[in-house]
Protein chains: 6
Amino acid sequence: MEKKPISRYPIPELSELPEDIRQKIEDVSEKAGFIPNIFLALAHRPDEFRAFFSYHDAIMEKESEGLSKAEREMIVVATSARNECQYCVIAHGAILRIRAKNPLIADQIACNYRKADLSARQTAMLDYAMKISQNAQAVNDADIELLEEHGFDQDDIWDIGSISAFFGLSNRLVNMSSMRTNDEFYLMGRQPYVK
Amino acid sequence: MEKKPISRYPIPELSELPEDIRQKIEDVSEKAGFIPNIFLALAHRPDEFRAFFSYHDAIMEKESEGLSKAEREMIVVATSARNECQYCVIAHGAILRIRAKNPLIADQIACNYRKADLSARQTAMLDYAMKISQNAQAVNDADIELLEEHGFDQDDIWDIGSISAFFGLSNRLVNMSSMRTNDEFYLMGRQPYVK
Amino acid sequence: MEKKPISRYPIPELSELPEDIRQKIEDVSEKAGFIPNIFLALAHRPDEFRAFFSYHDAIMEKESEGLSKAEREMIVVATSARNECQYCVIAHGAILRIRAKNPLIADQIACNYRKADLSARQTAMLDYAMKISQNAQAVNDADIELLEEHGFDQDDIWDIGSISAFFGLSNRLVNMSSMRTNDEFYLMGRQPYVK
Amino acid sequence: MEKKPISRYPIPELSELPEDIRQKIEDVSEKAGFIPNIFLALAHRPDEFRAFFSYHDAIMEKESEGLSKAEREMIVVATSARNECQYCVIAHGAILRIRAKNPLIADQIACNYRKADLSARQTAMLDYAMKISQNAQAVNDADIELLEEHGFDQDDIWDIGSISAFFGLSNRLVNMSSMRTNDEFYLMGRQPYVK
Amino acid sequence: MEKKPISRYPIPELSELPEDIRQKIEDVSEKAGFIPNIFLALAHRPDEFRAFFSYHDAIMEKESEGLSKAEREMIVVATSARNECQYCVIAHGAILRIRAKNPLIADQIACNYRKADLSARQTAMLDYAMKISQNAQAVNDADIELLEEHGFDQDDIWDIGSISAFFGLSNRLVNMSSMRTNDEFYLMGRQPYVK
Amino acid sequence: MEKKPISRYPIPELSELPEDIRQKIEDVSEKAGFIPNIFLALAHRPDEFRAFFSYHDAIMEKESEGLSKAEREMIVVATSARNECQYCVIAHGAILRIRAKNPLIADQIACNYRKADLSARQTAMLDYAMKISQNAQAVNDADIELLEEHGFDQDDIWDIGSISAFFGLSNRLVNMSSMRTNDEFYLMGRQPYVK
């Protein structure tokens, strides 16, 4: 099979992009060694690009006592798997492997998080993320209390829900544009870690 | 019954907010005559607040030949009704009534858009928005071609999908925080328009 | 857009109708100030018309200690919203506003009854009505006991279930005939009540 | 196992019932040789009993060129199977076997009507009945046109939809009251017919 | 209506079949008095035929203290009804009637097992079988513990799940080949048993 | 996190197993370099073990003109992903990568086969496999004709459906026993192939 294109929509030339967007793409490219396709696929809409990555960074690039960066990626992978978002599962699966220093956890969560090597606390976190994703209208006090029993505070709970909700947006953008996953993500972080 | 609070989360004092956020709230308050609760309920997270409203404005505060501002609100109301988001249905229902100069259309769409006083083109637009909302993983070329037959171009189609996806995020934030709808929205735009 | 017709089916002339049906239509018209479309849309089937309104009146036009007339309308609105019945949500939403002397409650319930200004008892009532509507085959003793804990007796529980089940019938008749909602209902009962 | 009772609700003594209801029960008892439990289980609510059976008779006790009595029973069995209504599947399955003079057809339809010994016209009839039962909000012109191509006229189509909708009500009443099926129905009409 | 054929696929002549398969078919024919169609419909694939019936016999032709043969058939009927498998519901319904010496139980379970004349223990068994059939990915320790409280041991629980899972396979084979149910099954075991 | 065990059920010692089963396990161990857990997890039930692998081999270890071994694995991965079966997605994903000589295809299909680098013919194959998995009761002539238009013959179509149905069984066994995936599978076949 011929490989499918990056997006159903045209990809702008980097040289045609607004300076701040071009800069952000160059930064990520330097850091990752390649340009993740989502940066290219959203670039034709500069304002949406800026808002999207601002939102993303606000909830993903922080780390609290209650919610590590790796755990944030777990939420992304679980939510995106349920929404059948190829790009987000594979790209954030790679990031999760790296952040968790665990080459197995991303595939486990993508397939069935209930059977993954997670703590009861992390499973409760993902149960809540899935409820936000699939049935947010029915979220109630009992859901919140269960998370509190596992030691999450109100800010953590906001983060869990927001990450699930934000990636629900991301998943839909990816699927509506048939965004292609970069080949580089598939193998990242799969080598066993020396302990 | 006692009225429920604005949000499950605390609402910051306006005086404690960063200047740009306080200014944005004062602007909307002046324009609307009251502060829509979503501005208060998101204010405890300034970066997310900024990203949220930037995204919102980028897709809602524009008007293209193919997609009027009223039609954008139709997408919000249809998507939010399916996600059972009280705030978005009622607040954007009010805006839709005003923008469409039609006191009936918001309730019709919220209840069952297939039976509303819409053109076949508008119904196809909402069918696509609902597929993005409910089953985006299955969007395919046939969906896109159907919209093109109704005269939507690629940018319109991106907008329809993005609005549905963005309000999917908004609907989940509202439901997870039990955000309360301002009383003012219920009656706005319900008076018949002189033609 | 041109407005859609009252029904997919022809509407008989009042003068051609059987006397009892014509009389019932005139009575409701006098009381409401207009003829609610469901009376016109069912009139082509006199026996079904009679049975439908007899059933309706038997469960809706009574009031028990455990279940007020306003609460009966809450059940109608919640059930009809889930079944996406435009006519029933909007027409009975109007009646609910009037009977509950509350201009907000109908829209709140139609959008997401779990977030409406209701007592825990009323929410349990609607949970049961929704189970009858969506999953009656799984109703069990625990459902009944929960309602009893909230103070509903066996007759109330029958009423809650019957109202949900009867409006399931009504909702399907409306949707299969594309019955149009009268314009008059949209604004009824929306003015704030003096307390 | 001990047999379960006729209903979760008390069954009135025949002697305590209003004259018309007692008479109707005696008539059906004489005709059938036993009292079908639904007559007993609804009798504690005389007005609802009367309306229920009036509605039932108006749509089931007629026969049109387009829709035989046996075909009406097919709709009941298919709808009730989907709603998991034990009483209606078994009792109306018996009536269907008798009216269709076919000892196999009821079980075939109850299990999977798409695989039953039916004409393409009858399968289309049941497809529409199932759409009314499961997704009436989405019924559209294409559904109606398909039935017309199979020779159903507007009155037939109303009947198909109404029977499905009415038995949706009946199915819910049965399930909410845990109404027991009479033993007599199980074997009725199962003997092969001499042709 | 003309009767539908035994299968969408051709049925081999008995004389053309491998000796062991022909022998197995003759044995079942002698025992039952006719050849159940599933033996004919699978015979065109000898290896799959052998594996299918080996699996079937391993889980169905045994009886443990915790799970009788009749109870095993209950699981088949409940699972197959949910999967709308005409052949399995009707054929195993017949076997269930015979093994349980109860002419009513098969139809009761096929329609709605929650309302059948079953013990709480048997209902819990079927609840678990349905979870395996519909949502096996969510099975957890609480499901297992509930069965243990009803006295099932680990081997019983394996059997309940395996029977549900195996007949999920069987149901799909039947539906994909439009396998016809033998007329003989419909009436088997329906005569009341002398006690 | 501590790693979860191989199965909810005890794993027999190899030395205690019947000779043919021990031999089969040793053969696969020699070929793969490790013992895939499913061989261990099913070994406590020798007859089911034999039937399971006989069935598996009959449909998976053959190759026809219409359906390659790699395509058979695609069906396994797509079906197992939908059923959230961690073991089957990861283990057969590895086999698919090797058989297809494509390090990307397994993850693409597991996430969303509609967006994978597949031919239209392969996508139609997976659409049918998913219908067997999710809605086999509704399979009809149109489904079969579509596959024929893509060049599949009746035997191929039987195979596609059988593979989906058999792995439906496998997926349920894995989930009910919480079967653990061997670490070895995760990385197999991920290195780019020299062409």
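**Exercise 1.** Determine which residues A:Asp107 is in contact with, leaving aside its neighbours within four places in sequence.

*Solution.* Contact means heavy atoms within 4.5 Å. With that criterion, the partners of A:Asp107 are A:Arg97, A:Arg190, F:Ile90, F:Tyr186 and F:Arg190. The model is a predicted one, in which local features need pLDDT of at least 70, side-chain atom pairs count only at pLDDT 80 or more, and totals for chains, interfaces and linings use all residues. Residues are numbered from 1 along each chain as its sequence is written, chains are lettered from A in the order in which they are written, and side-chain values use heavy atoms, with hydrogens and water left out.

**Exercise 2.** Locate A:Asp107 in the secondary structure and decide whether A:Asp107 is buried or exposed.

*Solution.* Step one: A:Asp107 belongs to helix H6 of chain A, residues 105-112 (helices are DSSP runs, H or I, of at least four residues, numbered from the N terminus). Step two: A:Asp107 counts as buried because its relative accessibility is 13%; the class requires under 20% relative accessible area, against over 50% for exposed and in between for partly exposed (1.4 Å probe, protein chains only). Step three: the side chains of A:Asp107 and A:Arg190 are joined by a polar contact of 3.0 Å.

**Exercise 3.** Characterise the interface of chain F and chain E by residues, buried area and salt bridges.

*Solution.* Step one: chain F contributes 42 residues to the contact and chain E 41. Step two: about 3800 Å² is buried between these chains, 59% of it from carbon and sulfur atoms; buried area is the accessible area (1.4 Å probe) lost by two parts on being put together, summed over both. Step three: six salt bridges are found across the interface, each a side-chain nitrogen of Lys or Arg within 4 Å of a carboxyl oxygen of Asp or Glu. In the salt bridge of F:Arg45 with E:Asp155, the closest N and O atoms are 3.0 Å apart.

Note on methods:
Helices (H or I, at least four residues) and strands (E, at least two) are DSSP runs, numbered from the N terminus. A polar contact is a pair of N or O atoms within 3.5 Å; within protein, one must be able to donate a hydrogen and the other to accept it, and residues adjacent in sequence count only if both atoms are side-chain atoms.
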